[in-house]
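Let's walk through this model together, chain by chain. Keep the 3D view open and follow along.

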Amino acid sequence: MIPVQHYLYLSALLFTIGGVGFLVRRNVLVALMSIEVMLNAVNISLVAFNRMRPENHGGQMFAFFLIAAEAAEVAVGLAIVLSLFRIKRTVRSDEADLLKN
Amino acid sequence: MGLLESLFPAENFSLIAFILGMPLLGALVNGVWGRRLGKPAVRLMALSAVGASFLAAVVAFVALQHRVEVEGHEHVKLYWTAWQWMHANGGRSVTNVPIDVRFSIDALSGVMMLVVTGVGFLIHLYSTAYMAEDKAFWRFFAYLNLFIFSMLVLILGDNLPVLFIGWEGVGLCSYLLIGFWYDVGANTAAGKKAFIANRVGDFGLLCAMFLLVHYAGALDWTGIQSGANVLADNPAEAYRIHVWPIGGGTYQGIFAFLQPAHPVTISAATAVGLALLLGCTGKSAQIPLYVWLPDAMAGPTPVSALIHAATMVTAGVYLICRLSFVFVLSPFVMATVAVIGVSTALFAATIALVQNDIKKVLAYSTVSQLGFMFLGVGVGAFTSGFFHVFTHAFFKACLFLGAGSVIHAMHARIHDDVQAQDIRNMGGLKKYMPITYWTFLAATCAIAGLPLLSGFFSKDAILFEAFVNHSVNPFAQKLADRHSGAWAPPAMLGPSLYVAGVVAATMTAFYMFRLFFLTFHGDFRGWVIGRAPLAASRAGHGDLEDTADGEEAHDEGKGTHEHEHGADEHGGDHGHHEENLKDPGRAPHESPWQMTVPLIVLAAFSVFAGVLNPAPLTKKLALEHWLAPVFESAIKGTVIAREGAEHLELPLMLGGIGAFVVGSGIAYWMYIAQKGAPAARLAEQAPGLHRLLLDKWRIDELYEATVLSAVDALAETAAAFDQSFVDGILAKLTALVVAAFGTILRTLQNGVVHFYAAVMVVGLAAMGWFFVTPHPDATVTPEGNGDYTLVAGPGIGYGYRWDGDGDGKPDKDVFDGTQQIKLHLEPGKSIVIRLEVMNAFGLTNVRAIPVSRPSAPTMLEVGQN
């Protein structure tokens with residue numbers, strides 16, 4: 001059996017990739033995908049913890065909640081991207097500066 | 001009568017609600033819907049409201065008279081309580097003073113109520129014609145009805161707070177009606193002046209109320225009367241008010257020179273009386289607060305007749321009569337009232353001698369007559385003073401309405417408010433307006449004191465009692481026993497008051513007949529006068545004239561209407577003054593019946609009202625008998641007539657007759673026999689004095705220079721402080737701080753989402769670092785006697801390891817949950833405790849905590865033991 005640490009290493013790696021991607025990419029769609037990567041990294045660690053402590057399935061429960069939250073988040077995020085595109089004809093986050101000044 | 005009594009029992013006389021309610025209804029209807037109702041409906045509402053109120057007042061008066069006959073010689077009152085209002089807490093004897101909205105009719109308020117509604121109705125009728133052309137007809141009648149309501153509240157209120165509501169209400173209506181033609185600046189200024197001068201008086205009235213609650217423990221008339229004696233007759237030091245040193249302290253140090261040998265104190269009765277007197281001088285236009293009344297003539301003439309002559313300004317006299325039992329307790333206050341009254345009577349009469357504006361003469365005459373009333377009540381002649389209120393209401397209303405009729409007629413010729421009121425432009429009006437002439441003559445004779453007319457009897461009674469009466473402190477003997485003196489008026493006060501009163505009466509006769517002769521006799525001088533100066537002033541300041549033009553359309557009758565029409569064809573700018581100077585033009589005309597009927601009724605009352613109290617002629621004095629229950633207990637033992645007073649009655653009457661004969665004789669000689677030549681000569685010989693009188697002794701300027709400029713200076717200082725310190729430093733500094741922070745924080749708010757995300761990551765990292773590292777921390781609590789408790793700060797997954805004995809090595813090998821240790825130290829010893837903490841990540845951290853005990857026990861430790 002693969003020890004739980006390996007899952008956690010993978011999770012941390014994915015989380016870092018997602019975070020760096022979110023910070024450096026200007027495309028809102030890519031930023032959204034980066035957020036998905038980060039959230040799924042968390043999901044991996046949750047499921048790994050569940051395997052370590054399987055009594056109440058707490059990790060799985062949290063993972064399912066997180067998936068539902070991700071779905072909602074993506075729906076709202078894509079709606080924002082769509083309206084941003086309608087207004088500014090762009091999906092670049094650094095050009096979305098309507099609130100500036 | 002039986003039906004009346006069963007309908008309206010004495011304790012719940014709800015007819016008062018109707019008397020009060022009708023004028024209020026009229027004010028409401030005319031004020032809210034008047035503009036849409038149209039003039040006939042407004043007229044009907046206003047007249048029926050006051051008329052119904054008058055009829056109800058007559059019924060109430062009959063009911064009162066019936067009860068007086070049944071109950072005999074008692075102070076009968078008819079009460080109606082609208083609702084229980086509030087309770088005032090405090091007072092020396094009573095802790096709970098109920099204040100109800102409660103009204104009562106007694107002999108005094110009954111007469112006053114009839115005068116207000118009766119004269120009020122006549123003046124309403126008069127106004128329907130006088131104000132017929134005014135575009136704000138409805139507003140005028142709404143105010144006038146509201147005035148009647150407020151005045152009735154003032155009269156019928158059974159306690160001081162309810163009276164005060166009416167008192168303020170009439171002040172408000174006075175203000176609204178003085179400034180009725182608000183598009184002229186001077187009118188609104190006059191309104192404000194009246195309002196503010198009355199505020200000063202209201203201050204006194206409020207202080208009197210507070211003092212009465214405090215000392216007498218009551219605010220309703222019966223309660224004050226039964227509690228009044230403690231005001232003057234109480235040995236306790238608390239019942240004396242320290243005037244100097246203020247509040248009864250002592251001045252020490254550098255202020256020691258202010259400390260008098262004996263503290264100056266007055267009795268509570270004197271304080272209450274003086275405070276009430278201040279209120280009365282404000283409302284009744286006495287020195288020093290009289291200045292607003294002459295300016296109040298800016299209002300429409302019926303307003304001057306109703307509010308500023310017949311009713312409202314007599315409220316002060318009414319209040320003194322109402323609270324006579326308080327005033328008589330202090331002879332000093334009584335003497336002050338009398339002296340203020342006679343000084344005002346004299347002073348205002350001198351000004352009236354030379355004024356040329358018909359309404360100004362009447363205004364100063366009103367001030368002067370109010371002075372007579374104050375003289376009357378000030379010498380304890382409450383009945384006579386009130387009798388003068390009564391007769392004055394008729395003849396002065398008649399005079400003002402007559403003046404209004406004259407102005408109305410003059411407006412047909414002279415389209416300028418100032419010129420149309422100038423008696424130098426009148427003369428010979430007898431021919432054109434006979435009814436006005438005869439009624440004006442009757443009222444003039446009455447005010448001047450022609451024997452057997454109403455004014456003669458009321459004024460004569462006042463002068464007689466001023467001579468013979470003197471006030472004594474009812475508790476003088478008791479006060480002497482306690483070795484505290486009682487003030488007694490000087491013996492010469494009475495005769496001096498009498499002489500001053502006779503001089504004032506002489507001047508009254510003179511200026512009234514001067515006014516009368518100049519207005520109605522001789523030739524009409526208005527054919528040409530009034531145009532040339534007008535043309536000049538038009539060239540000078542056209543703006544002012546234009547306002548006057550717009551304004552005069554308000555108070556004219558039919559005469560102007562056609563003129564206005566003609567003027568409009570030339571274009572508004574030209575106005576209607578392009579008349580042919582050679583053309584004699586339209587003659588003055590008699591006024592319509594709505595104006596002459598009130599004049600005739602009022603003139604009849606001016607002539608015959610004297611029969612109610614023909615003092616020296618007969619002992620059957622209806623009014624004195626009627627009012628006796630109101631004043632009897634007050635004047636008993638406090639107002640004492642000198643010996644042989646009854647023999648002085650006829651000789652002293654000669655003074656009043658002499659005043660009439662001399663005053664009117666000089667006026668006849670000057671203005672009829674010599675056609676005004678002596679007057680002109682006098683003015684030339686003493687130009688300074690003449691100028692001074694014409695400028696009203698320049699009292700307005702004096703007030704301007706002293707009181708008003710002091711207030712202005714105070715206001716400017718406050719404004720300068722506000723602008724420099726509050727606005728300049730406090731407000732700007734605060735704004736600057738906020739702006740600086742804003743400038744700094746604004747740079748962070750750059751709108752780039754990635755920047756925000758980066759900041760968030762940095763913040764998360766910092767928080768993560770904080771949670772990952774353990775933080776050993778402990779609080780040391782001394783328990784006394786060298787015992788100390790150390791408590792380590794909590795944290796997630798923390799394990800603790802203490803070094804409690806200071807040997808540098810941990811007490812235990814493993815980390816556990818021991819969050820707290822106790823230790824004991826000898827005095828002067830100190831120790832270093834080490835705390836090690838390990839968190840869930842296995843990281844450890846250590847902290848040294850020095851604990852020391854002072855060598856000697858400190859105050860703190862003693863306290864804790």
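**Starting with chain A**

From the N terminus on, chain A reads α-α-α. In total chain A has 3 helices and 0 strands, where helices (H or I, at least four residues) and strands (E, at least two) are DSSP runs, numbered from the N terminus. Before going further, some ground rules: this is a predicted model, local features need pLDDT of at least 70, side-chain atom pairs count only at pLDDT 80 or more, and totals for chains, interfaces and linings use all residues. Residues are numbered from 1 along each chain as its sequence is written, while chains are lettered from A and ligands numbered from 1 in the order in which they are written.

How does chain A fill space? Its C-alpha atoms occupy a box of roughly 50 × 25 × 20 Å, taken along the principal axes. The radius of gyration of chain A is 17 Å, whereas a compact globule of 101 residues would have one near 13 Å. That radius is taken over C-alpha atoms, and the globule rule is 2.2 Å times the number of residues to the power 0.38.

Of the 101 residues in chain A, 13% are buried. Here a residue is buried if 20 or more other C-beta atoms lie within 10 Å of its own, exposed if 12 or fewer, and partly exposed in between, with the C-beta atoms placed from the backbone. Now take the contacts in chain A with a separation of 6 or more: 50% of them involve residues 24 or more positions apart. Two residues are in contact if their C-beta atoms, placed from the backbone, lie within 7 Å.

**Over to chain B**

Where the two chains meet, 8 residues of chain B are in contact with 9 residues of chain A. On the chain B side, the touching residues split into 5 nonpolar, 3 polar and no charged.

Chain B itself has 33 helices and 12 strands. Its radius of gyration is 39 Å, well over the 29 Å that the globule rule gives for 865 residues, so chain B is more spread out than a compact globule. Buried residues make up 45% of the 865 residues in chain B. Of the chain B contacts with a separation of 6 or more, 77% are between residues 24 or more positions apart.

The domain assignment of chain B gives domain 1 (2-530 + 590-694), domain 2 (532-574) and domain 3 (769-864); such bounds come from an automatic or database domain assignment. The C-alpha centres of domain 1 and domain 2 of chain B are 37 Å apart.

For a look inside chain B, go to Phe390(B), which sits in helix α17 (residues 382-411). Why does Phe390(B) count as buried? Because it has 21 C-beta neighbours inside 10 Å. Setting aside neighbours within four places in sequence, Phe390(B) is in contact with Val111(B), Val115(B) and Ala609(B). Ala310(B) is 80 residues away from Phe390(B) along the chain, yet their C-alpha atoms are separated by 8.4 Å.

**Two sheets in chain B**

Next, the strands. An open sheet of 3 strands in chain B has the order β7-β8-β10, with antiparallel pairing; two strands pair if DSSP finds at least two bridges between them. Its edge strands are β7 (778-784) and β10 (820-824) of chain B, each pairing on one side only. Strand β8 (residues 787-792) of chain B is joined to β10(B) by 5 bridges. Within that pairing, look for Thr789(B) opposite Lys822(B) in β10(B).

The other open sheet has 3 strands of chain B in the order β9-β11-β12, again with antiparallel pairing. Here β9 (799-803) and β12 (844-852) of chain B stand at the edges with a single partner strand each, so one side of each has no neighbour in the sheet. Even so, β9(B) is mostly covered, with 4 of its 5 residues buried. 5 bridges join β9(B) to β11(B), and Asp803(B) stands opposite Arg834(B) in β11(B). Strand β11 (residues 830-838) of chain B is in turn joined to β12(B) by 9 bridges, with Leu835(B) partnered by Arg847(B) in β12(B).

Technical notes
Nonpolar A, V, L, I, M, F, W, Y, C, P; charged D, E, K, R; others polar.
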